[in-house]
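Subject: Structure handover

Hello,

The structure is below, with notes on what was found in it. Please read the notes with the model open.

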Amino acid sequence: MIRRQRLAAGVCALLAALTAGLAFPAGAAADETEQAAPKVELVLDVSGSMRARDIDGGTRMAAAKQAFNEVLDATPEEVELGIRTLGANYHGDDRRTGCKDTAQLYPVGPLDRTEAKTAVATLAPTGWTPIGPALLKAAGDLNGGDGTRRIVLISDGEDTCQPLDPCEVAREIAAKGIGLTIDTLGLVPDARTRDQLSCIADATGGTYTSVRHKEELSDRVGELVDRAADPVVTPVATEGAAECAKAPALKSGLYTDREEFGQQRWYKVDVNPGQELRASVSVADDRAVDPDYGVLLRAVTLHGREIVRGEAAGTGRTDAVSTGLRYPRPESDDDTAAAETVCLQVTNSFSAAAGVKTSPGLPLELTVDVVDGPSHAADVAAFGLGRGWWLLGALVLAGFVAGLLWGWLSRWRVAVWRTN
């Protein structure tokens, strides 16, 4: 009877705690830091080729205007949106002047839909296609603040202002570590335009979409603007050192860096007794590289002794190669035991293809997580299952009992059938 009373009291207490958690969820959210407003700039190609009438019987410019109007109506209130054009103002034939033809049509900030739509309505296909200069200006328009920043580039042709290569511009923007993503959309693109727009998107972790219909354009631009409003974890820019002694000390979090071809970078993490270090790294090949490459992640002591390693290889069929490791530090009987400094070494074996620039380095993303370790070292070594062995044993036992019951029922039914 006493046990039943205690059990009932425990269940009531648990229900009361759950009810309190559901009734007052605002208390937990009160401590969350307010996120900066996400920023998006739509960069539209208004060059002369936008007069072509090959999108659902209308011009490319008309399709872009319709898409912009629909997107402006559906833009979330929390998104600060701006519009920049390229090739919209210069009517002449001077290439040097035409390659400077980029202007901010609507400044990045709280959206006035009527004003933005009026500005878009005045656009007419005009001049050149200075994609590289427009991306540089757009990055400046979005500079400042810690929120999500995204450029959506819409173009129907490749850049006409070489040698300022838009791919190199995108890599330089990504190398600044400001967390800016460039998504590209190609209107009825040819192979060269598709390759260039894909390269721009790949350099910043963005996406490329080929568009041939008005509805596709509206839907895709709307999706990208909505995506900017989704909460994301922005990597913290860091700079690894050439040796562990000079490496930056990292806490749990997501970090981004740049690593030259064949280079190694070092970082440091403090691990207390009873804690477990979990680390992973991804290196992206944002340009043409030779096949057969790899990434190595090592955890070593300050004296150079290797603790554990993770490695992965690729053959040119993926855009990134990733690996990870785990290091559980045993608990100590000494309550005053100091934290152990673990050095993380990231090495890659990429090599650039002929004629490809090697700078800036390849984008690197490092995840560090220091958590409370398992109770016993055997939990980690149990074929990766840890305490999941208990669940596996329970499932095996349940299967065995179920098999016995099914066999007994089957024999009973057969015996009844024979009797009748």
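Val356 sits in the loop between strand S14 (340-348) and strand S15 (362-372). Helices and strands here are DSSP runs, numbered from the N terminus: helices are H or I with at least four residues, strands E with at least two. Val356 is partly exposed, at a relative accessible area of 23%; buried means under 20% relative accessible area, exposed over 50%, and partly exposed in between (1.4 Å probe, protein chains only). Although Val356 and Ala288 are 68 residues apart in sequence, their C-alpha atoms are 6.9 Å apart in space.

Some notes on how to read the values. This is a predicted model, in which local features need pLDDT of at least 70 and side-chain atom pairs count only at pLDDT 80 or more, while totals for chains, interfaces and linings use all residues. Residues are numbered from 1 along each chain as its sequence is written, and side-chain values use heavy atoms, with hydrogens and water left out.

Strands and sheets

S15 also belongs to an open sheet of five strands, in the order S7-S8-S15-S10-S13, with mixed pairing. Strand S7 (236-237) and strand S13 (320-328) are its edge strands, each pairing on one side only. Two strands are said to pair if DSSP finds at least two bridges between them. Strand S10 (residues 275-284) and S15 run antiparallel and are joined by nine bridges.

Strands of a sheet pair through backbone hydrogen bonds, either parallel or antiparallel. The parallel case is found at strand S4. S1 and S4 run parallel and are joined by six bridges, with Val40 opposite Arg150 in S4. S4 also runs parallel to strand S5 (residues 180-187), with seven bridges between them; Ser155 stands opposite Gly186 in S5.

How is S4 placed relative to the rest of the structure? Seven of the seven residues of strand S4 (residues 149-155) are buried, so the strand is largely enclosed by the rest of the structure. In a regular strand the side chains alternate between the two faces of the sheet. In S4, Arg149, Ile151, Leu153 and Ser155 point one way, and Arg150, Val152 and Ile154 point the other way; all are buried.

Salt bridges

How many salt bridges does a search of the whole structure find? The search finds 18, where a salt bridge is a side-chain nitrogen of Lys or Arg within 4 Å of a carboxyl oxygen of Asp or Glu.

- Asp54 and Arg60 meet through their side chains at 2.6 Å, N to O. Asp54 is partly exposed, with a relative accessible area of 32%, whereas Arg60 is buried at 10%.
- Glu223 and Arg220 form a salt bridge at 3.0 Å, N to O. Both lie in helix H9 (residues 214-229), three residues apart, which is about one turn of the helix. Glu223 is partly exposed at 43% relative accessible area, and Arg220 is buried at 13%.
- Arg298 and Glu306 form a salt bridge at 2.8 Å, N to O. Arg298 is buried, with a relative accessible area of 17%, and Glu306 is partly exposed at 31%.

Elsewhere, salt bridges that share partners join Glu41, Arg84 and Asp141 into one network.

Surface patches

Patches are made of residues with over 30% relative accessible area and no salt bridge; like charges are joined within 9 Å, and nonpolar side chains (Val, Leu, Ile, Met, Phe, Trp, Tyr) within 5 Å. Accessible areas come from the Shrake-Rupley method with a 1.4 Å probe, and for residues only the protein chains shown count as cover.

Leu397, Phe400, Val401, Leu404 and Leu405 make a nonpolar surface patch of about 510 Å². Leu405 is found in helix H11 (residues 388-419) and is exposed, at 52% relative accessibility.

Which residues form the negative surface patch? They are Asp56, Glu70, Glu215, Glu216 and Asp219. Asp and Glu count as negative and Lys and Arg as positive, with His and the chain ends not counted; the place of a charge is taken as CG of Asp, CD of Glu, NZ of Lys or CZ of Arg. H9 gives the most to this patch, with three residues. Asp56 is in the loop between strand S1 (39-45) and helix H3 (60-74), and is partly exposed at 44% relative accessible area.

Regards
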